[in-house]
Amino acid sequence: MTGIAVIGMAGRVPGADRLPVYWDNLLRGRDGITRMPPGQLRGIVADALLDDPRWVGASGRIDGVYDFDPALFGMSPKEALTTDPQHRLLLSTVHQALEDACVVPGADAGRVGVFAGIGRNRHEELVRAVLAARGEPADEMALEIGHGNGHGGTKVAYRLGLRGPALAVQSACSTGLLALHQAVQALAAYDCDIAVAGVSTVRVPDEYGYLHYDGGIGSHDGYCRAFSARAGGGVAGDGVIAVVLKRLDDATADGDRVDAVVRGSAVNNDGAKSGYAMVNAASQERVIRDALLFAQVDPDEVGAVEAHGSGTPLGDAVEWAALSAVYGRRDRVLVGSVKSAVGHLREAAGLAGFVRAVYSVRTGRIPPTLHVGLPAQYVGRSETGLSLARLAQPWPTAGPRLAGVSAFGLGGTNVHVIVEEPPAPPVRPEPQPERPALVLLSAHSAGAVERTASAWRTAIEAGEVTPAEAADVSQTGRRHRRYRRIAVGHDRAGLVADLADARTPVEPTGGDVCFVFPGVGDHYQGMGAGLAELLPDFGRRLEQYLGTCGDLLGRDLRGALRPVSRPAGGAALDLRRLVDGSRAQDSLLSDPLVAHAVLFSVQLTLARSLQGLGIHPAAVTGHSLGELVAATVAGVFTEQDALRIVVRRAALVAEQPEGAMLAVGLGREQADEFTGDEVWLAAVNSPRSCVLAGARAAVLDVADRLERRGLHGRLLPSRHAFHTPLLRDAGARLAQLVAEIGPARPGLPVIANLTGNWAVDELSDPGYWQRQLTSPVLFSDALRTAAERCGVLVEIGPGQLRTLATQARAALGRCTVVASMRREYQNEHDDVVLLRCLGQLWQAGAEPDLRPLRRSPAPRRASLPATAADERRFAVTDGIGGIGGIGVAAVPVTLVAGAGAGPVTPAGATGAATTSGAAGVTAGDGLEAVLAQLWEAILGATGIRPADDFFELGGDSMMSVQLIAGIEQRLGIDVPAITVFEESTLSGMARQITAWQHRSGEPSR
């Protein structure tokens, strides 16, 4: 093992809600401490404190301490409210760090361990005070889980689905760095594959300053002056940080982004000493030497040290002595302390220093230590070999950048970590032209998706990441959630524009996929030509099919792959082609034999490519020639036999008398009025679209009659009247060929053209293929049948499925219709259209395997904004007066879960739910209403709907017990728990209870 890689980080510290902002603040020398004069704190802090001359209004505070999104983690609002905000912040921050590392919990991620520290718990006292004020009992188990420090890491593992070790770490001020040490050791011992070191420390209720005592640890003026002649103590601060680690060998093999490398770490304790709070230079020196020994690093290689640097005169002097003993042989080792900028973050202090060291070794920059003024006398001694970094400056030495990080806990648990710059990235080939990118964005709410899209758009537009990097992170580095939207762009500008589009995120409709293959009529020169570079084997497979057809025809068909030039200027549509259907340049495809062979080959190639990406149809259907492709995909014909049939079919048709086909915007009954006199109904495509076909003169006469009535028809580019008796001879001879080949029964469900229903044995009957040439295509019925079983219809090849689906929307219901290839008159790139198709399939609930589309080498794992959350305020203190370090007033209050959330009944208070509503309700709607009231009381949620799921709203086993008790009290009957939870939706639960009452004859009391 070559070391432990840092592959992701997230956190909030005073003055910064994100770690990149924290680093920028450090480089710029910005102080994150909040300093407030007494006048601004009147009514928040007791007047007696504010009037004390020893009062110092300084505190390292973070914003949004009480903001949380329980739905993101499957937690009920009430559980969130009665959970220590430190636990909630830890959960949110670990989630963000894993996203930064592109780690999606699950089987592919392996065992992910959590090593977590939590600050002192003061929140439980507030919850108990609220419950006491309301005269309600406390649920001891809920309070223990919600507040016990030993549950912080375990709850993170539970809520995020992490299956490695989950341990609580506690060593006072060195907790964060000790958690990192434990995580490193677990990875080295192969106890887990990925490890998260996290710590959350927040003072609840809010604290706004402190009383200064001479000789105490609190600074007299609200400034932390580490290693200064004026050092007089520190300023307490809050913070939450999580760091994701992985063995460097594994990270390199997996293509992870590496921010830094932990070369080694060590921990010890002072042992017996003159006082518990005293420091020990010898112990500090030993832990530093042990870390260097474990890391196999010579002290002379270290260029900087992030010191504990608490700003106390004795502590700083002892630490400087220990550092000098180890690192003092160097001409220059730069020493600094983040406490001068953010305060003493207590349990989080060590990780705050570690994060600064990671940024330093990665960027080669060292931030200043603030408020030093005149350095302490020991700092100026040249024989120490140490220098205090008082200005931002570059790394002081050549060679690999290595830094030490120290954290010393109150009581004497000392930790030191050696951090190294990340390895040089692999040499990449010359930059390749940008390829189109597909970005998949999802969240647990539509609003969160939109905010995530906005944040990603900003990052991409600013050049922080490339489109390829954004696409890779979205596809493989984020969990795919309920609400989804996509963005596709041929380049950076296109992707940014698509992300800016106000498109409503959708929920997957679910259902199977049906491949729909269009027929001849919408084909064009060069269709699919732009897919060869995007899709693996597309070009090779298509050339193979065209080669076989070319041999059968005695012609070279590769010219059909050459795209036709399209107008420049960014127009979305080629209006000339849209209006007049011009195919002036399609000389090769004007030959029906070539058109049939090429269209069949393109459709079959595209279908195989989609199957190669994991899109496997549950059913297939096709229109005319498309039905042959559908039958081939279903296994009725082998590919080689199908190519023979297609070429032979086209040749037989070409020998028949010429005819014409006319598309009309009429329903079937209206279209039937124009049949007769050598004109037949050839296709029913939708409730408002049919095709008439027959002898050319007769069809032209129908077109004139339509025109005179103010109706319009469109002549299709076909020289023959397909699906009419005029092709009877061709059909008979085609059936002979099919009989010689011997078709098989389909291996996939197929919807037949002739019936618009599911085929049974028809497709293996040669006579079917004769009738298929001479009878009308009931495509509208086929689409309706497909929609009854499949939730997604994918058009394979150029066609009019989206138009037809719009006309048949009532019949198709919520079925999603997706195009995989552009229409002739669209000026979009082929690869963009297909990527959008794959994205729309993902939106509908499919999970295409997009890895084969990645260019080699794969893009680096970039850092992108975390998935947005719907945070709102969850503060038990909102209902209490007199918060601010002076106690809790026992007054009637409600547990407030943010604006608009409504009151939340505390755990164990099922009795409160029995005070309203009539007992003995058994009717379905009445029972549903009673259950909804109980759910709201137990879960703390409002607006319960019949389809809502108890467990998806955050219910757990303890809440289930409360629900059973509540039902017993409200209905006066003992309903078995297995009956109540046989279905977990509100309506289903009511249905099961009602059915049980009817079966058991148990009346309500």
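**Helix packing and burial in a predicted model**

Helix 24 and helix 25 are roughly antiparallel to each other, a label given to angles over 145 degrees, as against under 35 for roughly parallel, 65 to 115 for roughly perpendicular and oblique for the rest. The model is predicted, so that local features need pLDDT of at least 70 and side-chain atom pairs count only at pLDDT 80 or more, while totals for chains, interfaces and linings use all residues. Residues are numbered from 1 along each chain as its sequence is written, and side-chain values use heavy atoms, with hydrogens and water left out.

Two packed helices are described by the angle between their axes and the distance between the axes. Helix 24 (residues 728–741) and helix 25 (residues 766–774) pack at about 155°, and their axes are 8 Å apart. Axes are lines fitted to C-alpha atoms, for helices over the stretch in contact, and angles run from 0 to 180 degrees between N-to-C directions. Helices (H or I, at least four residues) and strands (E, at least two) are DSSP runs numbered from the N terminus. The residues in contact (heavy atoms within 4.5 Å) include Leu734 and Val738 of helix 24 and Trp769 and Leu773 of helix 25.

A second pair is formed by helix 5 (residues 123–134) and helix 6 (residues 140–147), whose axes come within 10 Å and cross at roughly 150°. Helix 5 and helix 6 are therefore also roughly antiparallel to each other. Their contact is made by His123, Glu124, Val127 and Arg128 of helix 5 with Glu140, Leu143 and His147 of helix 6.

For helix 23 (residues 696–708), 13 residues at 1.5 Å a residue should span 18 Å, and the end C-alpha atoms are 19 Å apart, which agrees; the expected span is 1.5 Å times one less than the number of residues. The buried residues of helix 23 (under 20% relative accessible area; exposed is over 50%, partly exposed in between; 1.4 Å probe, protein chains only) are Ala698, Val699, Val702 and Leu706. These residues cover an arc of only 100° around the axis, which puts them on the same side of helix 23; the arc is that of the directions from the helix axis to the C-beta atoms. Their cover includes strand 23 (659–664), strand 24 (679–686), strand 25 (689–695) and strand 26 (713–715). The face turned away from the buried side carries the exposed residues Ala697 and Arg708.

Gly3 lies in the segment before strand 1 (4–12) and is buried, with a relative accessible area of 7%.
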